[in-house]
Amino acid sequence: MEIRVLRYFLEVARENSITRAAVRLHISQPTLSKQLKDLEDELGQKLFVRTNYSIKLTDAGMLLRKRAEDILEITDKTLDEFRSLNDEMGGDIHIGCAESDGIKYLARCVEAVRKKNPRVRCHLHSGNTEDIEGRLESGLFDYAFLVEPPDLSKYNYLEVPHSDVWGIVMRRDSPLAKKKYIEADDLLGLDIICSSQAMKTDIPRWCGEKTDTFDLSVTVNLVYNGAIFVKEGLGVMLSFDKLTNTGKDSELCFRPLYPRLETKMYVVWKKYQVFSPAAELLMKEMRKQFVDRI
């Protein structure tokens with residue numbers, strides 16, 4: 001498969017039209033149709049179902065779209081890295097981030113780097129640990145900021161000088177809002193919103209087997225969306241502090257768990273990773289701020 005043809009395929013998939021895709025790609029429609037036919041022949045699979053007005057992806061086409069997006073993303077990242085090898089003052093850094101107030105430490109490092117090197121650009125991608133680690137493994141990220149202890153068989157790491165505090169986000173009119181802290185028994189019989197990852201790794205550290213008695217009604221990977229559910233009265237959310245607006249002007253409030261539950265943050269990278277000049281600049285700054293100041 002040629003990279004150029006994969007770009008053609010993705011444009012057609014996005015436009016749902018060979019005609020519109022050909023216009024955007026500045027090639028003729030017959031040329032584009034032939035390229036797609038040759039791609040189908042090469043793969044031995046039909047990628048599109050053609051109708052009078054549009055085209056739709058087959059199951060094989062949807063699989064190729066996902067793979068093509070990954071291939072082109074890492075291809076473009078590789079090209080950017082080689083272009084920046086001789087540019088010690090600029091370049092792109094790709095970072096995966098868990099949701100955490102601790103990302104402020106990354107922001108401070110990026111700010112320090114860009115003050116001296118304004119051509120450095122950072123690209124952040126937020127997600128859960130599984131998503132972020134997968135993209136780190138495939139080479140799409142230079143670094144990942146995780147809220148789980150790193151797998152030392154695969155990664156090197158720095159400990160970020162930050163711990164997130166767990167608690168409950170709820171409506172201010174909830175009976176639990178009158179409490180100063182929340183115990184496990186307070187959650188029995190309530191609809192719980194939480195990430196599936198946290199219910200497996202973090203919450204059992206707090207209440208052990210009682211985790212299995214909770215009614216996990218909604219799982220989320222982004223706290224913002226979970227907070228909307230809470231506002232609509234669909235339950236209470238187990239979350240880190242400071243990820244949701246729970247100030248006096250908000251209809252939501254936060255109460256910490258008891259016993260207190262905290263989660264550390266780490267920045268990790270693959271072992272034997274070769275960094276671009278821009279990523280190396282960030283590494284030096286992170287070591288300065290995360291290690292030298294401890």
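A cavity here is a set of points on a 1 Å grid, laid over the protein atoms alone, where a 1.4 Å probe fits but cannot get out. Points are joined across faces, edges and corners, and a volume is the space filled by probe spheres set on them. This is a predicted model, in which local features need pLDDT of at least 70 and side-chain atom pairs count only at pLDDT 80 or more, while totals for chains, interfaces and linings use all residues. Residues are numbered from 1 along each chain as its sequence is written, and side-chain values use heavy atoms, with hydrogens and water left out.

Start with the whole structure. The search finds 2 cavities of 30 Å³ or more.

Go to the largest cavity. It holds about 300 Å³ of space. Select Glu99, Ser195, Asn221, Val223 and Phe240: of the 21 lining residues (an atom within 4 Å of a point), these are the closest to the centre. Next, colour helix H7 (196-201) and strand S9 (236-240), the elements that give two or more residues to this lining. Helices (H or I, at least four residues) and strands (E, at least two) are DSSP runs, numbered from the N terminus. S9 supplies the largest share, 4 residues.

Now colour by class. Ala, Val, Leu, Ile, Met, Phe, Trp, Tyr, Cys and Pro count as nonpolar, Asp, Glu, Lys and Arg as charged, and the others, Gly among them, as polar. The largest cavity's lining has 12 nonpolar, 7 polar and 2 charged residues.

Move to the second largest cavity, with about 30 Å³ of space. Select its lining: Lys77, Asp80, Glu81, Asp92, His94 and Asp142. Helix H4 (59-83) gives the most, 3 residues. Show strand S3 (90-97) too; it supplies at least two. By class, this lining has no nonpolar, 1 polar and 5 charged residues.

Key
1 Å grid on protein atoms, 1.4 Å probe; cavity = no way out; pocket = protein on both sides within 12 Å on 5 of 7 lines; lining within 4 Å.
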